[in-house]
Amino acid sequence: MSLTEAETQELQVERDQIVGRWTDARQRLLRSPSSVIGLVLIGLFVFVAVFAPLLAPYEPGDQNLSVIRPGVYPGPSAEHLLGVDQLGRDILSRIIYGARTSLVIGLVSLGFGAVVGLTIGSLAGAFGGRVDTVLMRLMDMMLAIPGLLLAIGVAAAIGRGLTAVMIAIGVVNVPVFARLLRSSMLSQRESDYVLAARSLGVKRGRIVVGHIIPNSIAPVIVAATLALATAIIDAAGLAFLGLGSADPGVAEWGRMLAETQSFLQNAPHAAIFPGLAIIISCLGFYLLGEGLREALDPKFRR
Amino acid sequence: MLKFIVRRLIQLIPILIGLSILVFLWIRTLPGGPAEALLGERATPEAVARVRELYGLDRPVWQQYGSYLESVVKLDLGQSVVSRRPVATELRERFPATIELTIAAMIFAVGIGIPLGFLAAKRYQGPIDQLSVAGSLIGVAIPVFFLGLVLKYVFAVKLGWLPTSGRSDATSTALHPTGFYLLDAVITNDRVALVDTVRHLILPAIALGTIPLAIITRITRAAVLDVVNEDYVRTAHAKGMEPNVVDRRHILKNAMLPVVTIIGLQTGLLLSGAILTETVFAWGGMGSWMYQAINFRDYAVLQAGILFIAIVFVLVNLMVDITYARLDPRIRVR
Amino acid sequence: MTTAGAYQPSPAEAGEPEAATLLSVRDLRVVFQRRGRRPVHAVDGISLDVEPGRTIGVVGESGCGKSVTSLAILGLLPKRGVQVSGSVRFAGRELFKLSDQELREIRGRELAMIFQDPMTSLNPVLTVGYQITEVLRRHFGQKGQEATREAVSLLDAVGIPEARSRVDSYPHEFSGGMRQRVMIAMALSCEPELLIADEPTTALDVTIQAQILELIKELKRETGTSVILITHDLGVVAGMTDDIIVMYAGKVFERAPTRELFAAPGNPYTKGLLKSVPDPAHEEGTELYQIPGLPPDVAHMSPDQCPFAERCYRAEDVCRREFPPFVRLNAEHFSLCHFAEEVYQESLAARGGAVTTYGSRMDPDGKPAQGGAGR
């Protein structure tokens, strides 16, 4: 048979195997209770974030000054299901809009980090040698600075605001994705099926695009899901430290927590609900990420 | 073994250099330009000009880097915009607090995490196992600062069992020769100070150490589960070895390998999480120092803080690598 | 829910075994029970005897239950999901009635085992010497120098060159064959009465295989240890064993002295196994023989038929309707087959009724084979 025929056949077998692996993984995923919980939580989070304007009873920046007095910020009541904060803003609405903020930050930073990181990683993995060494040294240096600290550094350099936070978290994710893709590509370069393809005379570019990349997707998806989980927490952390948006109309869970510090005694509800929101959304992505990792692992051990 | 250590020490140098380059570049990207940034509000044209000359900001980049490196090594880290004191001095005053907190949190995480993970693995799918799995899954999702706030609220504000903030009571007359309060209390034989320090350490250490605890428990459990099924454990049983011996010598010794690596990585989490924790508990360490720096645009302090913590992190990982090599003879060959 | 008609033990076996027998296994059964799956009868009524100083070979394909048998004897099977029943008497004691503590006293000391894969059977983070002295310290209370000296001489005895310096080496610094020697040294350190060797050479190169087998033979001669040699390779047992048990689907299919088994097999399965052994005497280009079909699925076995029926050249209706009897062919030769006698007679006839010399093999067609037993 001709070269292209052999290659097409081989690719077909590959595709079948990969598709098989995905359907298999999906089944396994749905059987794991923690993954299902994760999916539900994520669904809830995304739903709330997307439909925020329809769900929130008030605007996030609305100050209902009539219900508060200095030092007295009422908790859950009929008009304000989760109470109000020190400026009279409805906490429920702020949490709902905060989901939107978190989702946006998460997706943008992830997108940025993943795109840059994967590009670097694939360059390093594809070319190897000098290129690889230089790029990976750079990544190692970035990794030498603990995540949050790096984000703080970047955010501080850029200034306040959501964009700064997004870029900062994105930057932190770059080396993670870079190393992931690079090691995946490197280990596959030596694997049997690649050697087989090369011995058939398949060109390098086709091998990379048609074979190696599809096989590398799985760990990247797992990493992306987990990265979303940490993005939510890190964004909250940065906001807590004062690096998030300065606009009082924008709701950010981390900043909500930061602001409650001074009146914690009087109004614990102002802290508890945002905190729970962070935990629940982060947990959702985390459970799903872990579930995906186990489901996609060919060695599935129970 | 010695060769291994030396080799790793040598590998350290390019990383440290790389770090300094990174931070150096970072300074130059700060808003307003490095001179203005480092001077902050006091950026009068004369001051700026002086700083420019001092740092040689007119000179080519690599020369600037050279003098920058020189000043870092000489521990001339500039002045804090907020306090007007030398950054190096403040650093020396602040870092023991953070180190102490980090170590306490690590002891908490490892001291509970490893035994718990081990127990969970041995009683696979028993109640302890299920609880610890659930606990570690949830534990990772709890933000440090939220946990800190909750702990503070429950135990300090509501129940009043523990102090709300600081490293020691305001009325304390304890001496602090080293800056490490626990150590100081022991050295000066001060019972009261010791108790006081411990009481202040508990909540922040727990808040900071909970996420690492969750991760260490999980990894230990997974590692033990893997090792328990290895052939050499079966061989040990076939030789008639006692169960605790098998546990200690065969299972744990091998299971600790991945755990040790994780502990190294967790230190990074602890060091960066310290910023958040110290803010909540008004802990007088580097974390709160840097928090202030963020809010006041005190970039000289930020720079020193980031550099210092990163170096500590790198050193800790080096120690972890060496420990790993001590435990696993197969690594030493490489 | 197992064999409908359990085999009939010989008069000597029924009831109490003779006092001198070192190991006596009676009707050993191991069932693996996973949640939601059918129970797997990995071992389904095995009986065997080992006399002091004798070597028994346990032969069978993968999955026939031979390894599980050895693990069951030593009590090394997991507690959960596994049911073990039957009787194992070792040196007069009923092992299944002993406490964990008492079993631990026996393991390593009187009853030792070496495993298949020397690469993974040694602890990678402990020195080889330590792993040997560990046994000596535990069972004999030997200390420091004394134990080390003993370890060095053991390593020497198994053929590790420069034992004195290598005693401080780690497993990864040895080759596969060397590691297996270390395992043997470890197992024989307390001079056990019985050594169980579970596929000791399967993971090794062919040339090394011969060396290891020779080593075991030699050590056995020196110390008088009894050996149970488990393998799927008939060539391995040919020159090593006194008696052979052939296992299939968790049951004993044939039992005979080695010479007898090779010369005159009484079971179609055994004949198939013998025929599958590549013979250097055969002409080039001869196709290698394979028993047709696949190894049995031990989770789905019917108790009312012969497990080998699907693949047997001799199978008839009765084989698919009834479980075969355990037929005694002569004083020491038994076979589980409806047609044991016939098959046996055929074998005898094929080689003209004469007894062959020790160690030589006959192919089932009766011609003497070249190529000795040193595979």
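**Chain contacts in a predicted model**

Of the two pairs of chains that are in contact, chains A and B share the most contacts. The model shown in these views is predicted.

**View 1. The side of chain A that touches chain B.** The contact between these chains takes 34 residues from chain A and 36 residues from chain B. On the side of chain A that touches chain B, at least two residues each are supplied by helix H5 (129-144), helix H6 (147-158), helix H9 (204-240) and helix H11 (269-296) of chain A. The largest share of this side comes from H11(A), which gives eight residues.

**View 2. The side of chain B that touches chain C.** Here the contact draws 18 residues from chain B and 24 residues from chain C. Helix H10 (231-238), helix H11 (243-281) and helix H14 (329-332) of chain B are the elements that give two or more residues to the side of chain B that touches chain C. With six residues, H10(B) provides the largest share of this side. The residues of the side of chain B that touches chain C comprise five nonpolar, five polar and eight charged.

**View 3. Chain A and chain C.** These chains do not touch, and the nearest C-alpha atoms of chain A and chain C are 13 Å apart.

Methods
Residues numbered from 1 in each chain as written. Chains lettered and ligands numbered in written order. Predicted model: local features only at pLDDT ≥ 70, side-chain atom pairs only at ≥ 80, totals over all residues. Contact = placed C-beta atoms within 7 Å. Helix = DSSP H or I, 4+ residues; strand = E, 2+ residues; numbered from the N terminus. Nonpolar A, V, L, I, M, F, W, Y, C, P; charged D, E, K, R; others polar.
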